[in-house]
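Good morning, everyone. Please bring up the sequence and the structure side by side.

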Amino acid sequence: MQSFELRRIDDVLWELDRTARADMRVPVRIVADELLVEQARADRSLEQLVNVATLPGIVRFAVGMPDMHEGYGFPVGGVAATSAPGGSISPGGIGFDINCGVRLLATGLSRADVGSVEPFVHELSRSIPTGYGRHGRLQLSEGELDRVLGEGCTYVVREKGLGRSEDLEYIESRGSLADADAQSVSERAKQRGRDQLGTLGGGNHFLEVQIVDTVEDAAAAAALGLREGEMTVLMHTGSRGLGHQVCTDSVRIMDVAMAKSGVVLPDRQLACAPLSSREGAAYFSAMCAAANFAWANRQVLTHRVREVLTRVFGRHADARVVYDVAHNIAKLEHSGDDLVCVHRKGATRAFGPSSPELPVAYRGVGQPVFVPGSMGTASFVMVGLDSSKDVAFGSACHGAGRALSRTAAKERVTGHVLRRELEASGIVVRCPSNQELAEEAPVAYKDVERVVDVVARARIAKKVARLKPIGVLKG
Amino acid sequence: MYVHGTHAVSEKDDLVTVGDRVADALEDAVVRGEPADEHPPHAQRPKHRIQLRSLEGGIRVAIGVGSFRDDPHRGRQSQIGSKFGSLRALDAMRGPRAASRRERTMVDRMPVARRENWNIAGRGPVDPAVEHGNHLVPVADGESAAWQKVLLHVDDEQSVSAAQIHGARLESNARARKGGNTVRGMASPAGASHVFEAHTAEVRLHLWGADLASLFEEAARALAELMLGDDPHGLPGPPEPVSVDALDRAALLAAWINELLFLSETKKQVWVEARVTILDGTHLTATVRGVEPQAIRTAVKAATLHDLRVEACASGGFEATLVLDV
């Protein structure tokens with residue numbers, strides 16, 4: 001593994017000059033403190049970020065978030081912007097789980113109102129399909145699926161009645177990307193996704209019930225409608241098999257196109273095409289469609305959570321969407337006066353208070369950013385700062401970031417012992433597999449408090465509230 | 001065979017935990033010049049007996065996996081005895097909670113740590129050499145035992161309902177990546193094997209095959225193992241045809257795995273058997289047979305092109321590396 005000399009350019013900002021390797025087009029930056037820099041050196045994430053810096057059309061720098069770790073092609077926690085429309089788009093820079101993201105719901109119920117959370121978590125586990133390949137209760141016709149792909153949450157709310165119009169304002173891009181084209185999505189992807197709307201999926205996807213433990217910024221918390229002691233629900237899921245297939249199809253197509261044109265990149269998974277090319281444009285519109293599917297998925301899950309809330313806590317119980325962010329996506333945004341395609345792979349948008357894209361209620365406050373910790377540890381709500389545009393193309397981290405492989409985690413942690421420890425600390429756990437539990441153990445992840453602290457020091461986002469888990473549902 | 005000890009098994013998933021504690025052995029053991037038995041009878045049914053290894057000196061170690069309830073030769077025998085004696089040779093046989101000077105035969109209750117040695121030539125159970133202390137494997141014997149992990153699935157009536165043998169054979173030119181940590185492999189036909197190597201977030205798979213077809217078949221086996229874990233499964237269903245083409249040999253391997261994943265999700269099956277029937281550089285056809293899984297242990301999103309390679313080995317055969325997004 002090549003060693004790279006990083007130069008500190010700010011409190012928690014480091015840079016590797018573009019001369020570090022001959023094929024780099026831009027420098028590489030990482031947002032980290034000394035410990036996180038060492039963790040980044042421990043795997044190949046830094047080398048992968050250097051590989052990203054070779055993408056045709058990349059501008060300014062490739063940047064790694066504090067939770068960065070080794071992935072495939074792009075590191076997880078990597079952000080890169082390419083010029084639009086002439087620069088490239090790389091499906092690996094978004095990932096197979098297109099628009100994997102997080103949505104936070106606020107219930108208005110206090111801990112005292114809730115009492116034992118076990119019945120609520122139990123009902124959630126009965127109502128929300130989890131696990132790989134399990135079909136949801138929503139069966140879509142071909143035409144309906146195309147509407148979901150083309151319109152996302154707008155269709156699901158307005159024509160399927162699975163939500164409220166006011167939900168849309170609190171979803172990134174209102175849960176519907178206009179550049180989506182259902183015809184760009186292959187039949188194979190549609191086959192996979194047709195019965196998966198409203199499902200959580202497996203792996204590290206989860207639905208967590210929390211209590212607002214600490215409010216760090218009272219004014220911002222009030223604007224977001226969060227109160228100390230309030231019960232919240234955080235869901236983490238994406239576009240399921242449909243998104244996986246869109247990425248698989250596109251990587252394959254671009255790999256062939258690159259071979260024909262003689263373009264060689266240091267990692268084959270970085271396969272890319274100019275955004276203006278047939279392949280690039282087709283992928284972008286398919287990616288937008290898959291992103292719409294993921295937002296629609298989280299919207300259907302929101303509807304299910306609301307149903308369970310009324311069933312358990314009475315008909316006045318409700319859940320309000322605080323916000324919904326994507327952390328595997330590419331968006332066309334402005335960097336200064338230039339239009340760029342921002343690739344966020346395990347990174348979320350973090351627009352500041354002056355952004356016109358924010359809901360009216362959040363203007364002057366900042367876009368909510370969610371940083372889930374590992375199972376059993378705290379999660380954080382932050383709001384983006386205007387300075388995030390300069391630091392990382394308006395991007396923040398997406399979570400604690402893995403520190404251990406699944407294998408190493410299972411060697412250190414015994415699943416059923418962890419389950420008992422979580423339950424002993426007052427967390428109701430619904431996870432059918434002790435093995436999966438062990439793989440997602442807290443020891444497998446970086447310290448979320450440190451990651452959030454670095455994000456704040458980097459002036460990307462500021463802390464608003466700390467959420468403590470009281471129940472978790474895993475696939 | 002090395003048995004770590006007894007564990008109360010109250011949850012199905014605990015079997016995984018127990019299994020994980022049994023040492024993984026990754027070396028081909030050659031004991032006193034005799035090779036390991038390369039073709040042990042496959043034991044999925046409780047009544048099959050498995051010869052794992054031959055040891056020198058006429059001592060055969062045969063692991064019989066049977067349901068005590070059903071075995072007509074054993075019935076409900078209770079043979080419990082204690083043996084005192086001098087220090088035994090290491091790794092010949094150890095019972096649970098064995099003290100250094102005491103050995104126990106434990107029959108008719110589970111987990112079975114040791115039973116009478118069987119003469120698999122069919123002469124029926126004979127006085128086992130171990131019980132009479134007649135084994136002559138010296139304490140200082142430097143040859144290592146042939147390690148394999150035998151995972152026994154036990155039902156509520158303390159019967160063995162299934163057994164799985166795990167052991168990885170590595171080619172002599174295999175190497176672990178820096179920081180990598182082999183996990184386990186699945187017993188495969190001669191000339192094919194695989195290991196999973198650790199990756200921070202994904203799974204890296206290293207494969208070997210005597211030829212390209214067996215390499216691709218091994219990839220399918222590895223995928224099924226990853227998806228199913230150690231869960232026992234039923235008999236595979238009818239064959240399904242598969243056809244894949246790609247830009248080159250390496251891309252074909254990724255495309256093959258991605259096709260299996262697509263078929264898994266759309267047909268709700270995990271493909272436990274694969275027969276690659278035609279293979280050239282960029283095209284393959286195959287038949288696969290699958291099972292309906294009770295649960296998916298590891299959800300695999302896709303095979304990536306990251307670190308992807310398929311290469312001929314200098315010593316013959318092929319090896320490959322593939323990273324899976326999980």
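Start at R8(A). It stands opposite W14(A) in strand β2 of chain A. A word on terms: strands are DSSP runs of E, at least two residues, and helices are runs of H or I, at least four residues, both numbered from the N terminus. Two strands pair if DSSP finds at least two bridges between them.

Before going further, the ground rules. This is a predicted model, where local features need pLDDT of at least 70 and side-chain atom pairs count only at pLDDT 80 or more, while totals for chains, interfaces and linings use all residues. Residues are numbered from 1 along each chain as its sequence is written, chains are lettered from A and ligands numbered from 1 in the order in which they are written, and side-chain values use heavy atoms, with hydrogens and water left out.

Back to chain A. Strand β1(A), residues 7-10, runs antiparallel to β2(A), with three bridges joining them. The two form a hairpin with two residues between them.

Now β2(A) itself, residues 13-16. Which way do its side chains point? L13(A) and E15(A) go one way, W14(A) and L16(A) the other, and all are buried. Buried means under 20% relative accessible area, exposed means over 50%, and partly exposed lies in between, using a 1.4 Å probe and protein chains only. In a regular strand the side chains alternate between the two faces of the sheet.

β2(A) has another partner. Four bridges join it to β3(A), residues 28-31, and the two run antiparallel. There, E15(A) stands opposite R29(A).

Next stop: β13(A), residues 338-345. Why is it called largely enclosed by the rest of the structure? Because six of its eight residues are buried. β5(A), residues 74-83, is joined to β13(A) by six bridges, antiparallel. In that pairing, S83(A) stands opposite V340(A). β12(A), residues 328-335, also pairs with β13(A) in the antiparallel sense, over eight bridges. N328(A) has K345(A) as its bridge partner. β12(A) and β13(A) form a hairpin with two residues between the strands, and G336(A) takes a positive phi near 70° there.

Last, chain B. How many helices and strands does it have? Three helices and 16 strands. Of its 326 residues, 50% are buried. Take contacts, meaning heavy atoms within 4.5 Å. Among those in chain B with a separation of 6 or more, 59% come from residues 24 or more positions apart.

That's my tour. Thank you.
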